[in-house]
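The sequence and structure are displayed below.

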Amino acid sequence: ALERTLSIIKPDATKRNLTGKINAVFEGAGLRIVAQKRIQLTEKQAGAFYEVHKERPFYGSLVSSMIAEPVVVQVLQGENAVAKNREVMGATNPADAAEGTVRKLFAESIEANSVHGSDSLENAKNEISFFFAETEILP
Ligand code: CMP
């Protein structure tokens, strides 16, 4: 089915000027960027976005890393976009990521892993509405 998913190009990647290269991987996989903006997250926003991880030992460090530089938030649309984006991102830990995936190509570490993508269709809907009004999404 035609789906939408929320993607974030993280500070480690925006800092290294990799937005275009990462977008080329998404587009090459058949994902269409139907909304995109570069924003500076606040600590409050980053903390709320990753609320599900708040008991994890890496939460504080993750929130700090997400506000260190601007991020690019985007909506990707395509057939099975949620699963396709997860496939093209590769494993959370770049050491485990498959050849050709964004994290294998670009990620620095499990935390500085260059991209975030929604892990289910339900989370995709919530994460998209966290950043975008429906009027900002232009398929
Ligand atoms: P992301 O897909 O954005 O979801 C949660 C993020 O926490 C993850 O990518 C990593 O950037 C970060 N993180 C840091 N340490 C870990 C860890 N040990 N396991 C999972 N995620 C981690």
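## Helix α5 and the sheet

Helix α5, residues 81-89, lies across β1, β3 and β4, where contact means heavy atoms within 4.5 Å. Its direction makes an angle of about 35 degrees with β1; axes are lines fitted to C-alpha atoms, for helices over the stretch in contact, and angles run from 0 to 180 degrees between N-to-C directions. Helices (H or I, at least four residues) and strands (E, at least two) are DSSP runs, numbered from the N terminus.

## Basis of the model

The model is predicted: local features need pLDDT of at least 70 and side-chain atom pairs pLDDT 80 or more, while totals for chains, interfaces and linings use all residues. Residues are numbered from 1 along each chain as its sequence is written, and side-chain values use heavy atoms, with hydrogens and water left out.

## Strand order and pairing

An open sheet is formed by 4 strands in the order β2-β3-β1-β4, with antiparallel pairing; two strands pair if DSSP finds at least two bridges between them. Because β2 (32-39) and β4 (115-117) each have a single partner strand, they stand at the edges, and one side of each lacks a neighbour in the sheet. Neighbouring strands are turned by 20 degrees against each other on average, direction ignored.

Strand β1 (residues 2-9) is joined to β3 (residues 71-79) by 8 bridges, and isoleucine 8 has valine 73 in β3 as its bridge partner. Between β2 and β3 there are 7 bridges, also in the antiparallel sense; here arginine 32 stands opposite glutamine 77 of β3. In β3, 8 of the 9 residues are buried, that is, under 20% relative accessible area (1.4 Å probe, protein chains only).

Note on methods. Buried means under 20% relative accessible area, exposed over 50%, partly exposed in between (1.4 Å probe, protein chains only).
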